[in-house]
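Trainee: I would like to learn how to read a model like this one. Could you take me through it?

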Amino acid sequence: MTSFFADPRARLAILIAAAASTPVAAQTIAQRLSTADRPVQVIYPTRQTACGDGRSYIGHVFDDSYYFGTDDNTMYRRGNDWSRGPCVHGPTRVVATVFGGEVTRLRVYVGPVPPVSSNVETINASTADATAWLTSLVTGDNARLAASAVLPLVLADAPDPWPLLLRVARDNTRGMSVRRDALMWLGQGAVAHLGIEQKRDDTPDDELRSQAVFALSQRPKAESVPALMDLAKTAKYPSAKRSAIFWLSQTGDPRAADVFADLLGLR
Amino acid sequence: MRWSVAVLALVAAAPFSSLAAQSVARRVDAVREGTVRLSYPARPGVCGNGDGGVSINSRRGDGVQYWGGRICETGPVRVSIGRSEGRTISVRKWVGGRWPSASDATDLGSVDPTEAAHYLLSVAPTIGGRNANEAISAAAIADATTIAPELTRLVQNGDAPTDTRKDALFWLGESDILATEFARLYDRSQPFELREQWTFVLAQRQEGPTLDKLIEIARNDSDVEIRKRAMFWLGQSHDPKALQFLHDLILR
C-alpha cells in the first residue's frame with residue numbers, strides 16, 4: 001500500500017493548500033501573538049519520528065539517534081550516563097516570549113504537554129498554520145528569531161522545508177546564524193534522504209573514519225571545505241559520508257548548500 | 001673606572017662555579033624548615049616579567065621583548081623552595097625581577113643551572129601537583145646541559161603522579177632529544193592520559209620520525225580512543241603524508 005504522503009499528487013495538493021492558506025494563517029497566529037500580554041505556546045503536530053520529554057530535550061528528529069537539548073540547543077548522542085525521562089512522540093510546542101507585541105524569543109519542546117496554566121496562552125494550530133507562521137519568522141528580519149524558528153519548522157509534520165532552507169542558506173544578505181542553522185538541518189535532511197542515519201553505535205572502524213573526517217574538517221577552510229564537499233558526495237562508507245555532511249553543514253559555507261541540494265535531489 | 005666595573009662583573013659571575021663542589025641538593029637539604037631561594041641563568045629564548053609570566057620562544061629574537069607592557073627579562077630563573085621537616089614540599093619559579101628585600105629565606109644565590117635542574121627534577125615525583133609542574137618547568141628553562149635523560153626517567157616512573165609524568169613528557173618533547181629517540185619511547189602500556197599526551201607532544205615536534213610514530217599510533221594502537229587522538233593531531237599537521245593517511249583511512 002502506498003502511503004498518502006508518498007504520493008506526489010497528494011504532496012502537491014498539501015503544498016498548494018498550505019501555500020493558499022499561508023497569509024491568513026500566518027496572520028492569525030501572528031495577530032494573536034501581537035496582542036498577547038504573556039507568553040504564548042503554539043502547539044502543532046510533530047513529524048512522525050520525533051520525540052521528547054516535553055521540557056528538556058528533543059530526539060529522533062529524523063530516524064537517527066541524535067538528541068537536542070531544548071535549553072542550550074546542544075546536540076548530543078544518548079550515552080550510558082543518560083538520566084532524562086523517556087522520549088515520547090507528541091506535539092511540538094513552541095513557547096513564544098512576547099514583549100510589546102513583538103515575539104522576542106522561541107523555545108521549542110516535543111512530547112507531553114504540561115497542564116494548562118493561566119501564565120501561558122495556548123494556540124492549538126494546524127500544521128499548515130504553524131508552518132506558515134514559522135516560515136514568516138525564518139524569512140523575517142529578526143536574525144535571532146529566524147535562526148530559532150528553523151528547528152520548529154523542521155519538526156512540523158509537513159512536507160520537508162528544504163527548498164525554503166536552501167534559499168536561506170544561499171542568501172548572503174541573511175545573518176550567519178540562520179544560514180548556519182538552515183545548513184545544519186539541510187545536512188541532517190540529506191543524511192535522512194540518503195538513508196544513512198546513525199541508528200546504532202558505530203563499529204570501531206566507523207568511529208575511526210568519522211574521526212578522520214573530523215580531523216580534516218579542522219584544517220583551514222580553504223582546504224577543509226572542498227575536501228568535505230568531495231567526501232559528502234563520494235565517500236562510500238555511510239559513517240564517513242554522514243560525518244562529512246555534518247561537518248560541512250557546520251562550516252556555514254554557502255557552497256555546502258549546493259552539495260546538500262544535490263544530495264536531496266533538489267537541483 | 002671601566003676596569004673596576006669589569007672586575008666586579010667577573011666576581012659576580014664566579015659564585016656558581018666556585019661552589020660546584022657543594023651540590024645544590026646538599027645545600028637545599030641543609031635547610032630543615034623554611035624557604036630556600038636560588039637563581040640561575042635561563043636558556044636562550046626564555047624571558048619573563050618577574051611576576052610569574054614566562055615566555056618561551058624557540059626563535060632567539062634580537063631586541064627587547066615585552067610582556068604586558070613590561071620588559072620581558074631574559075633571566076635569571078628564580079626558584080623558591082618550601083621546606084618542612086627536612087623535605088621539599090613546594091616549588092615556585094619566576095623569570096626576571098628581584099627577590100623582595102625583607103625575608104628570612106635562605107638565599108643560595110646564583111647556582112649552577114644543570115645542578116639546579118637535576119635537583120628540581122629529582123623532587124618532582126614526590127611533591128606532585130602544581131609544585132611538580134613548577135619544578136619541571138623551572139628545570140626545563142634552565143641554561144643547563146641536556147636534562148633529557150632525567151625527563152625520560154620521570155616519564156617512565158610508574159610511581160610518579162600521571163600529571164607529573166605528563167609535564168615531564170611535554171618538556172621532554174621540547175628538549176633537544178633526537179626525534180627518532182623520542183618517538184621510540186612511546187609505550188603502549190602507559191596510562192591512557194599519558195598516551196593521550198604522547199599524541200599531542202609527538203605532533204608538536206613536527207619532524208619526520210615523530211610524524212611517522214603518530215601515523216603508526218593512529219593506524220595500529222590497540223586503543224581506539226588513542227587512535228582518534230592521534231588522528232586529530234595528524235589533521236593539524238602541515239605534512240602531506242599526514243593528510244594522505246587520513247584520506248586513505250576514510251576511503252579504504
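Mentor: Gladly! Chain B has 12 helices and 8 strands, while chain A comes to 10 helices and 8 strands. This is a predicted model, in which local features need pLDDT of at least 70, side-chain atom pairs count only at pLDDT 80 or more, and totals for chains, interfaces and linings use all residues. Residues are numbered from 1 along each chain as its sequence is written, and chains are lettered from A and ligands numbered from 1 in the order in which they are written.

Trainee: What share of the residues in chain B is buried?

Mentor: A residue is buried if 20 or more other C-beta atoms lie within 10 Å of its own, exposed if 12 or fewer, and partly exposed in between, with C-beta atoms placed from the backbone. By that rule, 40% of the 252 residues in chain B are buried. For chain A, the share is 39% of 267 residues.

Trainee: Which residues of helix 4 of chain B are buried?

Mentor: Among them are Pro113(B), Glu115(B), His118(B), Tyr119(B) and Ile127(B). Because 11 of its 15 residues are buried, helix 4 of chain B is largely enclosed by the rest of the structure. For length, the expected span of a helix is 1.5 Å times one less than its number of residues. Helix 4 of chain B, residues 113–127, reaches 21 Å from its first C-alpha to its last, close to the 21 Å expected. Just after helix 4 of chain B comes Gly128(B), with a positive phi of about 60°.

Trainee: How does helix 6 of chain A span against what is expected?

Mentor: Helix 6 of chain A (residues 176–194) has 19 residues and reaches 27 Å, close to the 27 Å expected. Gly195(A) follows helix 6 of chain A and has a positive phi, near 70°.

Trainee: How do helix 5 and helix 7 of chain B cross?

Mentor: Axes are lines fitted to C-alpha atoms, for helices over the stretch in contact, and angles run from 0 to 180 degrees between N-to-C directions. The axes of helix 5 (residues 129–140) and helix 7 (residues 162–174) of chain B come within 9 Å and cross at roughly 15°. That makes helix 5 of chain B roughly parallel to helix 7 of chain B, since angles under 35 degrees count as roughly parallel, over 145 as roughly antiparallel, 65 to 115 as roughly perpendicular and the rest as oblique.

Trainee: Which residues meet there?

Mentor: Two residues are in contact if their C-beta atoms, placed from the backbone, lie within 7 Å. On the helix 5 side of chain B, Ala132(B), Ile136(B) and Ala140(B) are among the residues that meet helix 7 of chain B, whose side includes Ala168(B) and Trp171(B).

Trainee: And how many residues does each chain bring to the contact between them?

Mentor: Chain B gives 12 residues and chain A gives 14 residues. On the side of chain B that touches chain A, helix 11 (224–235) and helix 12 (240–251) of chain B each supply at least two residues. The largest share of that side, 7 residues, comes from helix 11 of chain B.

Trainee: Is Ser224(A) buried or exposed?

Mentor: Ser224(A) counts as buried, because it has 20 C-beta neighbours inside 10 Å. Ser224(A) lies in helix 8 (residues 221–234) of chain A.

Key
Helix = DSSP H or I, 4+ residues; strand = E, 2+ residues; numbered from the N terminus.
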